[in-house]
Amino acid sequence: MKQTTIFSKSKGLQGTIPYRYRSTQDLRLSPDGKSLLRVQSPLIDVTDEVQASDSVPSYLEEINIETEKVLSLDAPRYIMCVEYYQNGQFLLTDLDATLLKGDLNPGSQKTQVLRKTSKKRQELYDNITIIYRGILGLSADQKYAVVSGVSGEFKYDESGEVKNSISGVVDVFQLDPLEKIKTLPFTKINFEDQRISNIFSQLNTVCISPDGSYIAAGSLSGIIQIWNRKNMQTVRVINLKYEETPRDIHFAPGRQPLCAFIAGCENSFYLIDLNKKRDFKLSAVQTFDWSADGKQLAVGGGEDGAVLIFHMEE
């Protein structure tokens with residue numbers, strides 16, 4: 001296995017800057033593997049930094065892997081996720097779950113807003129520190145996109161304490177032409193402390209199956225919810241304990257409705273079969289990947305460094 005290192009930080013980030021930047025916030029290889037999109041965004045850990053993120057730009061670049069030539073792209077504000085799109089274009093989402101489209105063709109690097117966050121939801125965002133909104137998922141045929149967000153309203157008790165009810169949501173879009181099909185509400189666990197309820201209602205991972213048939217999302221509270229995209233009905237709700245926050249949800253390619261994710265500090269691996277309603281679990285898994293046809297699953301992790309190969313049809 002040959003390793004190639006291209007860049008560590010953008011030139012614009014090598015000098016003195018007032019914010020700490022992630023070396024890489026998000027990364028996407030092009031379909032032909034010849035280039036990649038890289039996002040570098042400021043770290044935001046406290047309320048003041050979240051509110052100040054409007055004035056702190058992200059750095060968005062396309063890098064040619066062979067020549068290491070860098071094309072700087074328009075990044076109007078804090079970018080959460082980026083995806084290659086059709087005809088030399090790309091999609092991205094910002095911290096307020098705004099969906100934007102950009103062009104990689106020469107002379108056309110400006111991004112345009114496809115869907116801006118509603119005024120009501122923007123007011124909600126302005127009043128609460130939520131940093132897991134705007135996570136983007138794209139179907140393999142590029143017909144559908146899903147974007148995470150939150151919704152709700154603020155309520156106050158007699159003492160002036162905020163008693164707000166916030167819940168995670170998934171916005172489902174049809175692309176070309178753009179149309180929001182549905183906002184899917186996410187199952188919420190209510191804690192006695194509303195602040196805790198709001199924090200754990202955030203969705204930190206979303207995805208759509210390669211064929212666009214299923215949508216899945218996971219929250220900080222340890223809940224996985226899966227929907228049928230055609231009728232927008234919930235197929236499964238998996239309730240893990242809140243210590244097991246799910247991440248890296250992916251559907252298998254092919255016709256089998258299989259969903260997998262890793263959760264918690266112990267890196268538990270879950271494989272969900274939506275047809276047979278049978279779940280499979282492994283411990284201490286660091287990473288996994290499917291073959292292009294979905295017939296094989298590779299799982300890596302554990303202290304012994306073993307890599308396990310599962311043949312899904314057997």
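## The cavity

The lining of the largest cavity is made up of two nonpolar residues, five polar ones and one charged one. Going by name, you'll find Gly168, Phe186, Thr187, Lys188, Phe200, Ser201, Ser219 and Ser221 around this space.

The model here is a predicted one. Searching the whole structure turns up one cavity of 30 Å³ or more, and the volume of the largest cavity is about 30 Å³.

In soluble globular proteins, nonpolar side chains tend to be buried together. Here, the largest nonpolar core has 32 residues, and Val170 and Ile215 are the ones that touch the most other members. Several strands give two or more residues to this core, including β5 (79-85), β11 (165-174) and β14 (214-219). The largest share comes from β10, with five residues.

So who does Ile215 meet, leaving aside its neighbours within four places in sequence? Its contacts include Val146, Val170, Val172 and Leu184, and also Trp227, Arg229 and Phe251.

## The whole protein

Stepping back, the secondary structure consists of three helices and 23 strands. The protein has 314 residues, and 48% of them count as buried.

Taking contacts with a separation of 6 or more, 44% are between residues 24 or more positions apart.

Definitions and conventions:
Residues are numbered from 1 along each chain as its sequence is written. This is a predicted model: local features need pLDDT of at least 70, side-chain atom pairs count only at pLDDT 80 or more; totals for chains, interfaces and linings use all residues. Side-chain values use heavy atoms; hydrogens and water are left out. On a 1 Å grid over the protein atoms alone, a cavity is a set of points where a 1.4 Å probe fits but cannot get out, and a pocket is an open set with protein on both sides within 12 Å along at least five of seven lines; lining residues have an atom within 4 Å of a point. Grid points are joined across faces, edges and corners, and a volume is the space filled by probe spheres set on the points. Ala, Val, Leu, Ile, Met, Phe, Trp, Tyr, Cys and Pro count as nonpolar, Asp, Glu, Lys and Arg as charged, and the others, Gly among them, as polar. A nonpolar core is a set of buried Ala, Val, Leu, Ile, Met, Phe, Trp, Tyr and Cys residues joined through side-chain atoms within 4.5 Å. Buried means under 20% relative accessible area, exposed over 50%, partly exposed in between (1.4 Å probe, protein chains only). Helices (H or I, at least four residues) and strands (E, at least two) are DSSP runs, numbered from the N terminus. Contact means heavy atoms within 4.5 Å.
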